[in-house]
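Here is a friendly briefing to read alongside the model. Have the viewer open and follow the residues as they come up.

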Amino acid sequence: MSRGFVKEDDQEEAPIIPPRAALPEGVLNYVTQNGLQKLKDEKKQLLTEISNLNEADDREQRRSKAILVGRLQLLNERILSARVIDDIDESEVRFGATVRYKINNLTNVLCIVGVDEADVKKNKIAFTAPIARVLTGKKVGDIAKLQLGNEVRELLILSIDYVH
């Protein structure tokens, strides 16, 4: 049918589906065991939301379902690409490590996790973050140098722990 015969208000706008956390091109999607479980739990929740969807308006029903299905597709891609890291040299900072370090006489703790699990408020940093990259491979007592613009900050590694 020609667009000339379609009423303007019959046109449905394609819903915007927010992307998942960015994963750089060519980088494997590493996850902790806990991170993979969270992704699977999120999938169950989305499937429940889709099956329980009950909008009064047909247009809103289609829109809501399209958003949920789109989010589910992105989540499925992330789950399929997930790689759980099991074999780690625990004497140095690697994926999954909780690192206690000193910077500017302040002690900080962060955990290096996958991009979907990262949450700065909980001190969970994606393995792709600059601070995680400079810490990776370091051992207790080593100093990692973090470039912040024209300034270099030194991070002294105090401890490295892994949750099993």
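Predicted model: local features only at pLDDT ≥ 70, side-chain atom pairs only at ≥ 80, totals over all residues.

Residues are numbered from 1 along each chain as its sequence is written, and side-chain values use heavy atoms, with hydrogens and water left out.

**Overall layout**

- The protein chain holds three helices and seven strands (DSSP runs numbered from the N terminus, with helices being H or I of at least four residues and strands being E of at least two).
- Their order along the sequence is β-α-α-β-β-β-β-α-β-β.
- The radius of gyration of the protein chain is 22 Å, whereas a compact globule of 164 residues would have one near 15 Å (taken over C-alpha atoms, with the globule rule being 2.2 Å times the number of residues to the power 0.38).
- Along the principal axes, the C-alpha atoms of the protein chain fill a box of roughly 70 × 40 × 30 Å.

**Burial, surface and contacts**

- Of the 164 residues in the protein chain, 29% count as buried.
- The protein chain exposes about 11000 Å², and carbon and sulfur atoms supply 50% of that area (Shrake-Rupley method with a 1.4 Å probe; for residues, only the protein chains shown count as cover).
- Taking contacts between residues at least 6 apart in sequence, 55% join residues at least 24 apart (contact means heavy atoms within 4.5 Å).

**The second largest pocket**

- The volume of the second largest pocket is about 160 Å³.
- For the pocket search, a 1 Å grid is laid over the protein atoms alone; a pocket is an open set of points with protein on both sides within 12 Å along at least five of seven lines, whereas a cavity is a set where a 1.4 Å probe fits but cannot get out, and lining residues have an atom within 4 Å of a point.
- Grid points are joined across faces, edges and corners, and a volume is the space filled by probe spheres set on the points.
- Which residues line the second largest pocket? The lining consists of Y30, I85, D87, I88, D89, R94, F95, I112, F127 and T136.
- By class, this lining has six nonpolar, one polar and three charged residues (Ala, Val, Leu, Ile, Met, Phe, Trp, Tyr, Cys and Pro count as nonpolar, Asp, Glu, Lys and Arg as charged, and the others, Gly among them, as polar).

- D89 sits in the loop between β2 (82-84) and β3, and counts as partly exposed at 41% relative accessibility.
- Leaving aside neighbours within four places in sequence, D89 is in contact with R94 and Y162.
- D89 and T32 are 57 residues apart along the chain, and their C-alpha atoms are separated by 15 Å.
- Q37 belongs to helix α1 (residues 33-51), where a relative accessible area of 38% makes Q37 partly exposed.

**Along helix α2**

- S64 is part of helix α2 (residues 58-81). Is S64 buried or exposed? S64 is buried, because its relative accessible area is 12%.
- Apart from neighbours within four places in sequence, S64 is in contact with L53 and E55.
- R78 also lies in helix α2 and counts as buried, at 12% relative accessibility.
- Again leaving aside neighbours within four places in sequence, R78 is in contact with R20, A21, L23, N29, L39, V115 and D116.
- R62 is in helix α2 too, but counts as partly exposed at 44% relative accessibility.
- The C-alpha atoms of R62 and A14 are separated by 10 Å, although these residues are 48 apart along the chain.

- N105 is not a glycine, yet has a positive phi of about 65 degrees; N105 is placed in the loop between β3 (97-103) and β4 (106-113).
- N123, also not a glycine, has a positive phi of about 60 degrees.
- N123 is in the loop between β4 and β5 (124-126), and counts as partly exposed at 40% relative accessibility.

Conventions
Buried < 20%, exposed > 50% of the residue type's maximum accessible area, 1.4 Å probe, protein only.
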